[in-house]
Amino acid sequence: MPISKIVIGNASELRQGDALKAALAEFISMLIFVFAGQGSGMAYNKLTNNGAATPAGVVAASLSHAFALFVAVSVAANISGGHVNPAVTFGAFIGGHITLLRTILYWIAQLLGSVVACLLLKFATAGLETSAFALSSGVGASNALVFEIVMTFGLVYTVYATAVDPKKGDIGIIAPIAIGFIVGANILAGGAFDGASMNPAVSFGPAVVSWTWANHWVYWTGPFIGSAIAAIVYDTFFINHHTHEPLPVADY
């Protein structure tokens, strides 16, 4: 079982230059991703004078997040592995591909990157609201929880298949674009219901800056559950445990 391969790590790891560089790469990539994704939503609201949500708005959100994530993962891939998502980092931890201490370091960097991106957007737009993720009318917390579990399962399963699996071969080249595509597709599916976060850090930044916490737990619990299920399923059934060893973080 993947959980048996969990590694805690030791404090000296946090003082190593490569760990700090990896955390900085996660911070910068998250800043890039949230600034573009959240910024596109703010731009759309400005152009429509904060009008009602439309299909065009969902498509715009899907494209902006898919493009930005493709870039954010690509630029960090050789440094930190390009997680750009606490749920992806959690999935890597569950599979034994990253230590607990480095996981926590990544989480801190990712959350800070999201908050800084939202603060920069608020300043750059002269005080426009950085809207927190929220449930649509008629959507309950349990409905949104299922959405987040399933969508994040698809995301982390894609990460495992294209970036983590040691048998991935040349398909690893397309990992960033595959990851961007699944996030964009999931936004088309779930955006109209709960915003389709799949990423606790993406939800955290706008919530902090707008200080809006309604149903915020959904955007942590759902992604973490979906991530854990994906990691356990893929690692258990599709990774050859006779030859598998934990991958260096930079290969993830």
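Which residue caps the N-terminal end of α7? In this predicted model, Asn-199 caps that end, with a side-chain oxygen 3.1 Å from the backbone nitrogen of Ala-201. Residues are numbered from 1 along each chain as its sequence is written. Because the model is predicted, local features need pLDDT of at least 70 and side-chain atom pairs count only at pLDDT 80 or more, while totals for chains, interfaces and linings use all residues; side-chain values use heavy atoms, with hydrogens and water left out.

The protein contains 8 helices and 0 strands, where helices (H or I, at least four residues) and strands (E, at least two) are DSSP runs numbered from the N terminus. The order of elements from the N terminus is α-α-α-α-α-α-α-α. The radius of gyration is 17 Å, close to the 18 Å that the globule rule gives for 252 residues, so the protein is as compact as a globular protein of that length. This radius is taken over C-alpha atoms, and the globule rule is 2.2 Å times the number of residues to the power 0.38. Along the principal axes, the C-alpha atoms fill a box of roughly 55 × 35 × 30 Å.

Of the 252 residues, 48% are buried (under 20% relative accessible area, with exposed over 50% and partly exposed in between; 1.4 Å probe, protein chains only). Among contacts (heavy atoms within 4.5 Å) with a separation of 6 or more, 83% are between residues 24 or more positions apart.

The buried set consists of Pro-200, Ala-201, Val-202, Ser-203, Gly-205, Pro-206, Ala-207 and Val-209. Their cover includes α1 (17-47), α3 (86-94), α4 (100-124) and α8 (218-238). After α7 comes Trp-211, which has a positive phi near 50°.

One of the residues of helix α4 is Ser-114, which is buried with a relative accessible area of 0%. A polar atom of the Ser-114 side chain lies 2.6 Å from the backbone oxygen of Ala-201. For a polar contact, the criterion is a pair of N or O atoms within 3.5 Å; within protein, one must be able to donate a hydrogen and the other to accept it, and residues adjacent in sequence count only if both atoms are side-chain atoms. Leaving aside residues up to four places away in sequence, Ser-114 touches Met-30, Val-34, Ala-201, Val-202, Gly-205 and Pro-206.
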